[in-house]
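Here is a set of questions and answers for someone meeting this structure for the first time. Each answer sets a value beside the definition that gives it a name.

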Amino acid sequence: MKAAIFDLDGTLADTALDLMLAGNATYRDIGIEYRMEKDRDLGIASKGGRSTIRHGLSEAFGIVNEDRVKALYPHFLKNYEKVIDSNSVLYDGMREVLEEILELDVLLGVCTNKPKKQAQMLLNILNISN
């Protein structure tokens with residue numbers, strides 16, 4: 001049996017804007033005035049939630065404490081769940097690619113740094129789970 005494994009964020013789906021929204025909500029919740037902007041910070045959000053948190057802390061305080069990042073991550077995830085499908089979409093043609101691979105009897109999988117709960121939520125929303 002053959003298998004193909006795809007990364008989720010930035011490969012199967014464009015999720016950066018929703019990660020930015022979650023980051024900005026987290027910044028607001030903890031009193032950071034800095035806000036990520038699409039034209040300036042898309043690459044930061046594309047690296048995931050912890051990267052987004054680090055960026056805001058760095059912009060606000062000039063330093064990043066990894067214990068603080070770890071502590072804020074669950075809060076970020078709650079904010080992310082609220083906006084997980086606001087802008088996230090499969091890249092053009094990706095659904096067709098996945099269907100063609102399945103027709104070849106190749107198992108498909110996803111590898112992501114996103115926690116399982118949020119990854120499954122997004123796969124369900126994008127209608128590409130199971």
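## Reading the terms in a predicted model

Q: Why are α4 and α6 called roughly parallel to each other?
A: In this predicted model, α4 and α6 pack at an angle of about 10 degrees, with their axes 11 Å apart. Angles under 35 degrees count as roughly parallel, and therefore α4 and α6 are described as roughly parallel to each other.

Q: Which residues make the contact of α4 with α6, and how do they divide by class?
A: From α4 come Leu 77, Tyr 80 and Glu 81, and from α6 come Lys 117, Gln 118, Met 121 and Leu 122. By class, four of these residues are nonpolar, one is polar and two are charged.

Q: Which residues of α2 and α3 meet?
A: Asp 41, Ile 44 and Ala 45 in α2 meet Ser 51, Thr 52 and His 55 in α3. By class, the contact of α2 with α3 has two nonpolar, three polar and one charged residues.

Q: Why is Phe 61 called exposed?
A: Phe 61, which is found in helix α3, has a relative accessibility of 56%. Exposed means over 50%, so Phe 61 counts as exposed. Phe 61 and Ile 32 are 29 residues apart in sequence, and their C-alpha atoms are 9.1 Å apart in space.

Q: What is noted about the phi of Asp 105, and where does this residue lie?
A: Asp 105 lies in the loop between α5 (94–103) and β4 (106–111), and its phi is near 60 degrees, a positive value in a residue other than glycine. Such a value is worth noting because most residues other than glycine have a negative phi.

Q: Is Asp 105 buried or exposed, and how do you know?
A: The relative accessibility of Asp 105 is 60%; since exposed means over 50%, Asp 105 counts as exposed.

Q: What is the phi of Asn 127, and why is this residue called exposed?
A: Asn 127, in the segment after α6 (116–125), has a positive phi of about 60 degrees although it is not a glycine. Its relative accessible area is 61%, and the cut-off for exposed is over 50%, so Asn 127 is exposed.

Q: How many helices and strands does the protein chain have, and in what order do they run?
A: The protein chain has six helices and four strands, and from the N terminus on its elements run β-β-α-α-α-α-β-α-β-α.

Q: What share of the protein chain counts as buried?
A: Of its 130 residues, 40% count as buried, where buried means under 20% relative accessible area.

Q: How do you know which elements were predicted with the lowest and highest confidence?
A: The mean pLDDT of each element shows this, and among the elements of the protein chain α2 has the lowest value (88), whereas helix α4 (residues 66–83) has the highest (98). For the protein chain as a whole the mean pLDDT is 95, and 99% of its residues reach 70 or more.

Note on methods
Residues numbered from 1 in each chain as written. Predicted model: local features only at pLDDT ≥ 70, side-chain atom pairs only at ≥ 80, totals over all residues. Heavy atoms only, no water. Contact = heavy atoms within 4.5 Å. Helix = DSSP H or I, 4+ residues; strand = E, 2+ residues; numbered from the N terminus. Nonpolar A, V, L, I, M, F, W, Y, C, P; charged D, E, K, R; others polar. Buried < 20%, exposed > 50% of the residue type's maximum accessible area, 1.4 Å probe, protein only. pLDDT = per-residue confidence, 0-100. Axes fitted to C-alpha atoms, helices over the stretch in contact; angles between N-to-C directions. Parallel < 35°, antiparallel > 145°, perpendicular 65-115°, else oblique.
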